[in-house]
Number of protein chains: 2
Amino acid sequence: MDSAEILCIGTEILLGNIVNTNSQVISRGLADIGINMYHHTVVGDNPQRLKEALEIAFSRNNIVITTGGLGPTYDDLTKETIADYFGLPLEMHEPSRQAIIEHFERLRASGRRHAPMTENNLKQAMMPKGCLVMPNHNGTAPGAIIEGKGKIAIMMPGPPREMGPMFQNQVMPYLLKRSGQVMRSHCIHFFGIGESQLESELREEMQAMENPTLAPYAKDGEVMLRATALAKTPEEAETMLAPVLQELQEKYPKLIYGVDVNDLQTAAVRALREKGLTVATAESCTGGYLSKRITEVAGSSEVFGCGITSYANEVKEKLLGVSHRTLETVGAVSEETALQMAEGVRRVSGADIGLSTTGIAGPGGGSEEKPVGLVYVGVSSAWHSQVLELHLARGYDNERELIRYLAASHALRLLLRTIGMKPDA
Amino acid sequence: MDSAEILCIGTEILLGNIVNTNSQVISRGLADIGINMYHHTVVGDNPQRLKEALEIAFSRNNIVITTGGLGPTYDDLTKETIADYFGLPLEMHEPSRQAIIEHFERLRASGRRHAPMTENNLKQAMMPKGCLVMPNHNGTAPGAIIEGKGKIAIMMPGPPREMGPMFQNQVMPYLLKRSGQVMRSHCIHFFGIGESQLESELREEMQAMENPTLAPYAKDGEVMLRATALAKTPEEAETMLAPVLQELQEKYPKLIYGVDVNDLQTAAVRALREKGLTVATAESCTGGYLSKRITEVAGSSEVFGCGITSYANEVKEKLLGVSHRTLETVGAVSEETALQMAEGVRRVSGADIGLSTTGIAGPGGGSEEKPVGLVYVGVSSAWHSQVLELHLARGYDNERELIRYLAASHALRLLLRTIGMKPDA
């Protein structure tokens, strides 16, 4: 039975200068393939400690995946140490040498400021004899896979921008090919249920599943379940996944807002495009967060043209036409204001749907009657108008950003529902 | 000489469900105090592997800091395993038991949905005999410190929201007290220089420094250097830090935008408040990102009232008064449009300063003449108006968010400069 250990090499991780995201990316991939993972280890750029950590890792696992220590400087010793473990010499790998030279030529041609190529850079093309070399399309250090002694060592560069694509495009296919399998996965996106709640509802089921598997991921405050199947063919994998997706959609019809849609804003932009609709935003407490998230999506300019952040009451009146009387009597944080903001931005922009937020993000500004976390999100369209009252405070410190984020998320969810209600023309 | 290892316990880390941020927080703190850190290890909730990992960790270090495995379920065995290592029995710790009961009473009183208290929760109050108990103000599992056999074990809960405050408020003071020192640090914020560039310029200097130390952190695309001094008194520590700060400010007068200011938006809001000025934003390619960042700062409503996201040209004309002719002749992505947007939003809002962005964030929409990454940021005020032309593409995949983020950062930097130019009244 395969088991793997991740060995990250980098003093900058031990000093806390960077967070170790590589381990998560690799762990997730290996969990998908069904390779057991019992240990992560981090060591610095120190040859003796690296050697010891490698020996411990191979004493308890047959696969060791390293990141880091492939750089051009004297203290980058991963290849040397691992080649030594397998009893292999290093030799110049001509295609890698050529790729490094071309990399620097491209940098020079681009006119961007960069360090010149040195002899040390060419050291990065010295590879363990007989290894499988993995080209690096995002940097200079190639990766390598060594098989021998019943063990496998997989070496990748440390920068996540280089490691990530190499892992997805070269290491995962290598491991899958070795297992004689193909992998397919789908992401089921939830909104309106916490990760711990969803996990506790599905824990027994998830633990009992072997293939397909189901794993929860919290991503930017939303929850996503990933269903992954291993099979001989892609078709077989999809056939295995279909009942899992169907069962979840039947169990959580209101909480699931999409499959393979990335996030709420992507789902909303897609739905708008499909129906040929446009949206405009009027924001108070979210201060631009809502329009920022919509315009994150490439191609959003087709469905979004106008957003107004009316932080001040005068702007709510002047640009959005919120009534002075409403602001005077029930105040800016109210159902009435939310609705008038949504109506106002729809009128001003000519969009099909107006979407609004107004609330108290904190830490100051709350009262007994209108506490921090009270938010109204509103929608206005020819076929549906609605305001939701939300209570988003959780009682933690520094909740301002969380409240703003959740307010924008609820507005996007309301937008999705409104798009879904559009009667056919 | 002290050296420490971090041992994180949690199967969810090995499965890649979460990223291990705890290790970074702890590493950074220990680096500040000057405690050497040579290894991070992660193991799952498995008693045998936990025991082995603990023995390896103590064989090579005198301090082991654990996170996780303090929960109420049967597979949470950190306390048992570590107590066993020190030969200590577990016994009920009455104040912790009381705190857990009160925690659940507060949850019930708040009316929020939550799991009921079970006997298992009270197991969390069983502590190794004679240990120093660390109360948990953000959850149910107390932490613990055990000293014995010339070793120190420090146990903290796994959730970052619980671990973080316990580490900062209880573990750091414990370690500092033990070393007979106090610590002071200052953050020097840079904009306009990459982390690798700054690091290579200062590497030798940073490596030669022992106390104070200087460490680089990349935070959300900006670079920050943290200078930390250990001394007998706070005054002595500050005296040691002063020349470091002064030297950096003399060396990088244009690149440093503040000390201990958190980020560009906080620096900008503070500067606006100090001078009694207000700003309004007119955004195209950043789509609300700029106003989102300004309104992240608590209290920003004093200095910011109005933001307009004019993604569509009609909105640029109608709401901001950008001339139709300008849009027809030089286009939306131009110096002229950026300036008219900044002027327009200043006029509409009555703010002292108008700030604008217009550009091509990609991935589509670029041309030979106006490539992806071309951005103009503009400022308009009674005393200073200016437009900067920026080229923000780096040639990586998926640069849209990076380009938008950098565009907003450059706009905030331009805002800071403009505030600084305001003549005294």
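**Reading the chain, the sheets and the contact**

Mentor: Let us begin with the overall fold: of the 425 residues of chain A, 46% count as buried. The model is a predicted one. Chain A contains 15 helices and 17 strands, and its C-alpha atoms fill a box of roughly 80 × 50 × 45 Å along the principal axes. Among contacts in chain A between residues at least 6 apart in sequence, 66% join residues at least 24 apart.

Trainee: Where does Val244(A) lie, and which residues does Val244(A) touch beyond four places away in sequence?

Mentor: Val244(A) belongs to helix α9 (residues 234–251) of chain A. With 20 other C-beta atoms within 10 Å, Val244(A) is buried, because 20 or more is the cut-off for that class. Leaving out residues up to four places away in sequence, Val244(A) touches Pro212(A), Leu214(A) and Ala227(A). Thr213(A) is 31 residues away from Val244(A) in sequence, and the C-alpha atoms of the two are 9.4 Å apart in space.

Trainee: How many residues does each chain bring to the contact?

Mentor: Chain A contributes 55 residues and chain B contributes 56 residues. On the side of chain A that touches chain B, the classes are 23 nonpolar, 24 polar and eight charged residues. Of the interface residues of chain A, 100% are also interface residues in chain B, so the copies meet through the same surface.

Trainee: Next, the sheets. What is the strand order in the sheet of twelve strands?

Mentor: Strands of a sheet pair through backbone hydrogen bonds, either parallel or antiparallel. In this model, twelve strands form an open sheet with mixed pairing, in the order β6(A)-β7(A)-β8(A)-β3(A)-β1(A)-β2(A)-β2(B)-β1(B)-β3(B)-β8(B)-β7(B)-β6(B). The edge strands are β6 (132–134) of chain A and β6 (132–134) of chain B, each of which pairs on one side only. From one strand to the next, the twist averages 15 degrees. Helix α7 (residues 160–179) of chain A packs on this sheet, touching β3 (63–67), β6, β7 (143–148) and β8 (151–156) of chain A, and its direction makes about 155 degrees with that of β8(A).

Trainee: With which strands does β1(B) pair in the parallel sense?

Mentor: β1(B) pairs in the parallel sense with strand β2 (residues 36–43) of chain B over seven bridges, and Ile9(B) stands opposite Val43(B) in β2(B). β1(B) also pairs in the parallel sense with β3(B), over five bridges; there, Val64(B) is the bridge partner of Glu5(B). Six of the seven residues of strand β1 (residues 3–9) of chain B are buried, so β1(B) is largely enclosed by the rest of the structure. Strand β3 (residues 63–67) of chain B is in turn joined by five bridges to strand β8 (residues 151–156) of chain B, and the two run parallel. In that pair, Ile63(B) stands opposite Ile152(B).

Trainee: What is the order of the open sheet of ten strands?

Mentor: Its order is β17(A)-β16(A)-β15(A)-β13(A)-β14(A)-β14(B)-β13(B)-β15(B)-β16(B)-β17(B), with mixed pairing. At the edges stand β17 (385–391) of chain A and β17 (386–391) of chain B, each with a single partner strand, so one side of each has no neighbour in the sheet. Direction ignored, neighbouring strands of this sheet are turned by 10 degrees against each other on average.

Trainee: In which sense do β14 of chain A and β14 of chain B pair?

Mentor: Strand β14 (residues 304–310) of chain A and strand β14 (residues 304–310) of chain B pair in the antiparallel sense over five bridges, with Cys306(B) as the bridge partner of Ser310(A). Within chain B, five bridges join strand β13 (residues 279–283) to β14(B), and these strands run parallel. Ala280(B) stands opposite Cys306(B) there.

How values were computed: Residues are numbered from 1 along each chain as its sequence is written. Chains are lettered from A and ligands numbered from 1 in the order in which they are written. This is a predicted model: local features need pLDDT of at least 70, side-chain atom pairs count only at pLDDT 80 or more; totals for chains, interfaces and linings use all residues. Two residues are in contact if their C-beta atoms, placed from the backbone, lie within 7 Å. Two strands pair if DSSP finds at least two bridges between them. Helices (H or I, at least four residues) and strands (E, at least two) are DSSP runs, numbered from the N terminus. Axes are lines fitted to C-alpha atoms, for helices over the stretch in contact, and angles run from 0 to 180 degrees between N-to-C directions. Ala, Val, Leu, Ile, Met, Phe, Trp, Tyr, Cys and Pro count as nonpolar, Asp, Glu, Lys and Arg as charged, and the others, Gly among them, as polar. A residue is buried if 20 or more other C-beta atoms lie within 10 Å of its own, exposed if 12 or fewer, and partly exposed in between; C-beta atoms are placed from the backbone.
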